[in-house]
Amino acid sequence: MDIIQAIIIGLVQGLTEFLPVSSSAHLIFAQQALGVGDVGLAFDVLMHVGTLVAVIVYFFNDIVNMIKGFLLSLVDLKDGNFIGELKKDPYKKLAWLTILATIPIGIVGVLFNDIVESMFMGLTVPAFLLLITGCLLYVSQRMNSGRIDVRNISLKEALIMGCGQALAILPGLSRSGTTIAAGLFAGLDKEFAAKFSFILSIPAILGAAVFQLKDLSGGSIEIGACIAGFIVAAISGYLAISFLLKIVREKSLDIFAYYCWIVGIIVLVGSLIL
C-alpha cells in the first residue's frame with residue numbers, strides 16, 4: 001500500500017466511522033476498488049486510533065466531566081447516596097450508562113469475533129446489511145417520540161442502544177446508524193441519540209483496538225503511509241461528527257438511508273453478477 005492508498009483508506013475510515021453508512025462495508029469496498037489486500041492489523045489499529053482521537057477531541061469537555069462524575073460517584077457509593085446523586089448529576093449518570101451500555105458489544109466481540117471476521121471476505125453480506133442500515137434509519141425516525149434526553153434517560157434506553165451497537169459488529173451494519181436508530185426506537189431525542197452514540201463509540205473503538213493488539217502485525221506498509229492515514233482518519237472523523245450533528249439538528253437522516261440503499265443495491269447486484 002502506497003501513501004495515496006493509505007490516505008484514501010484513512011479518509012474512508014474517518015468519514016464512515018461516524019456517518020451512518022457503515023465503515024466496515026465502505027472499507028471493504030475501498031480496499032477491493034484500490035486492489036489493496038490485507039493491510040495488516042497495525043494499520044487497521046492505527047486507523048481506529050485516529051477516529052478515537054477525533055471523538056475524544058470533539059467531546060473532550062464532556063469526557064472530562066464524565067470521568068470526574070464517575071470518580072465522584074464512587075465516593076457517593078461509599079457514602080450510601082449513590083442513586084440520589086446519580087439522578088442529580090447528568091454526567092455521573094452518563095458515565096455509568098456508557099459503561100453498562102458497552103457490555104453487550106464486549107460480549108459479542110469476544111464470543112463471535114471469528115464468525116464475524118469470516119463475513120468480511122466478500123461483498124454480498126456487507127452490501128445486504130447496508131440495505132438494512134438504510135431501513136433502520138428510515139423507519140426509526142418515523143417511530144420516534146423524541147422525549148428522552150440526558151435528564152430522563154434510563155438504563156433500559158441505554159442498553160437498547162448498547163445492543164444496537166453490538167449488532168453493528170456485522171459488516172455493513174453501521175455502528176453509528178444502528179445505535180442512533182436504536183435510540184430513536186427507544187424514544188430518545190434525535191440530537192441526544194447521536195451524541196450518546198458517539199460517546200458509546202469511545203470504549204467500543206478502544207476495546208476493538210486493544211483486542212487486536214494480541215495479533216498485531218505490521219504488514220508491508222511504510223511508516224509514512226501509516227502516519228498519513230492516521231492523520232487523515234482523525235481529521236475526517238472530526239469533520240464527520242460535526243457534519244452529522246448539524247444534519248441531526250437541522251434536517252432528516254433520510255439522506256443517509258437513501259445513500260445506503262443506493263450503494264447497497266449497486267454493490268449487491270455487482271457482486272452477484274461478477
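The side chains of R142 and D254 meet in a salt bridge, with 2.6 Å from N to O (a salt bridge being a side-chain nitrogen of Lys or Arg within 4 Å of a carboxyl oxygen of Asp or Glu). R142 lies in helix α7 and D254 in helix α12, so the pair ties together parts that are 112 residues apart in sequence. Helices (H or I, at least four residues) are DSSP runs numbered from the N terminus, as are strands (E, at least two).

The model is predicted: local features need pLDDT of at least 70 and side-chain atom pairs count only at pLDDT 80 or more, while totals for chains, interfaces and linings use all residues. Residues are numbered from 1 along each chain as its sequence is written, and side-chain values use heavy atoms, with hydrogens and water left out.

**Salt bridges**

- The search of the whole structure finds eight salt bridges.
- Buried means under 20% relative accessible area, exposed over 50%, and partly exposed in between, with a 1.4 Å probe and protein chains only.
- Salt bridges that share partners join D76, E85, K88 and K92 into one network.
- Within that topic, K88 forms a salt bridge with E85, the closest N and O atoms being 3.7 Å apart. Both residues lie in helix α5 (residues 82-88), three residues apart, about one turn of the helix.
- An α-helix has 3.6 residues a turn, so residues three or four places apart point the same way.
- K88 counts as exposed, at 63% relative accessibility.
- D62 forms a salt bridge with K195, and the closest N and O atoms are 3.4 Å apart. Since D62 lies in helix α4 and K195 in helix α10, the pair ties together parts that are 133 residues apart in sequence.
- D62 counts as buried at 14% relative accessibility, whereas K195 counts as partly exposed at 28%.

- K92 lies in helix α6 and is buried, with a relative accessible area of 6%.
- Not counting residues up to four places away in sequence, K92 touches G69, L72, S73, D76, E85 and L86 (contact meaning heavy atoms within 4.5 Å).
- K93 is also found in helix α6 and is buried, with a relative accessible area of 13%.
- With residues up to four places away in sequence not counted, K93 touches L86, V150, R151, N152 and I153.
- K93 and F70 are 23 residues apart in sequence, and their C-alpha atoms are 8.2 Å apart in space.

**Helix α12**

- Helix α12 (residues 254-273) has 20 residues and reaches 28 Å from its first C-alpha to its last, close to the 28 Å expected at 1.5 Å a residue. The expected span is 1.5 Å times one less than the number of residues in the helix.
- The buried residues of α12 are D254, F256, A257, C260, V263, G264, V267, L268 and S271.
- Cover for these buried residues includes α2 (23-34), α7 (124-142) and α11 (223-250).
- L268, in helix α12, has a relative accessible area of 18% and is buried.
- Leaving aside neighbours within four places in sequence, L268 is in contact with T124, A127 and L131.
- The C-alpha atoms of L268 and L130 are separated by 9.6 Å, although the two residues are 138 residues apart along the chain.

**Second largest pocket**

- About 270 Å³ of space lies in the second largest pocket. On a 1 Å grid over the protein atoms alone, a pocket is an open set of points where a 1.4 Å probe fits, with protein on both sides within 12 Å along at least five of seven lines; lining residues have an atom within 4 Å of a point. Grid points are joined across faces, edges and corners, and the volume is the space filled by probe spheres set on the points.
- The lining of this pocket has 13 residues, of which I63, M66, I67, T98 and P203 lie nearest its centre.
- The elements giving two or more residues to the lining are α4 (60-79), α6 (90-118) and α10 (190-212).
- Helix α4 contributes the largest share of the lining, five residues.
- By class, the lining has 11 nonpolar, two polar and no charged residues. Ala, Val, Leu, Ile, Met, Phe, Trp, Tyr, Cys and Pro count as nonpolar, Asp, Glu, Lys and Arg as charged, and the others, Gly among them, as polar.

**Backbone at S22**

- S22 lies in the loop between α1 (3-18) and α2.
- Phi of S22 is near 75 degrees, a positive value in a residue other than glycine.
- Most residues other than glycine have a negative phi.
- S22 counts as buried, at 0% relative accessibility.
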